[in-house]
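Please read it beside the sequence and the model.

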Amino acid sequence: MDEQPTQEQPDAQDTPMTCTISISCATILNNMSDLKSGKEEFVPSDGWILAASEVEFTEGESVHDVLQRVCKDAGIQMESSFTPAYNSAYVEGINNLYEFDCGQLSGWMYNVNGWFPNYGCSKYTVQDGDVINWVYTCNLGKDVGDNSMY
């Protein structure tokens, strides 16, 4: 009796998962007069620090994990710290642009698939196909589409 060789089915863990990530500080372009002196060199002329890029990630990784790796791989400066009050990482600066560098209501925010989560980026577990956008706000999110504070 001829036995057919059994073909192994690819394991779900062998299939790479991907997400898309971008980093934009375009809002600063409309608020250059509020930007701290000496920070102009860190603002790209088109506002894109990282254009939308598809990257692989491992199951269980957070938005913070993906951001850290992408910035390291691309040579983009990034600084974050753990905030016990929120039990999550807080992104203080990307590309040498920090909170309050462009006004009292400025800093980094993230959205996933167009939604701005109301919790820290190390608490959000990335799913296959997610689109992650890091955006610099100059007005507590109002200028980047998050109106949850208003």
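1. Residues 24 or more positions apart account for 63% of the protein's contacts with a separation of 6 or more, a contact being heavy atoms within 4.5 Å. The model is predicted: local features need pLDDT of at least 70, side-chain atom pairs count only at pLDDT 80 or more, and totals for chains, interfaces and linings use all residues. Residues are numbered from 1 along each chain as its sequence is written, and side-chain values use heavy atoms, with hydrogens and water left out.

2. The protein has two helices and seven strands, in the order β-α-β-α-β-β-β-β-β from the N terminus. These are DSSP runs, numbered from the N terminus: helices are H or I of at least four residues, strands E of at least two.

3. Of the 150 residues, 40% count as buried, that is, under 20% relative accessible area with a 1.4 Å probe, protein chains only.

4. The largest nonpolar core holds 32 residues. Such a core is a set of buried Ala, Val, Leu, Ile, Met, Phe, Trp, Tyr and Cys residues joined through side-chain atoms within 4.5 Å. Its largest share, five residues, comes from α2. V63, among the residues with the most contacts inside the core, is in contact with residues including Y110, C121, I132 and W134.

5. N95 lies in the loop between β4 (88-94) and β5 (97-98). N95 counts as buried because its relative accessibility is 18%. A polar atom of the N95 side chain lies 2.8 Å from the backbone oxygen of F42.

How values were computed: Buried < 20%, exposed > 50% of the residue type's maximum accessible area, 1.4 Å probe, protein only. Polar contact = N/O pair within 3.5 Å; in protein donor to acceptor, adjacent residues only side chain to side chain. Lists of a residue's contacts leave out its neighbours within four places in sequence.
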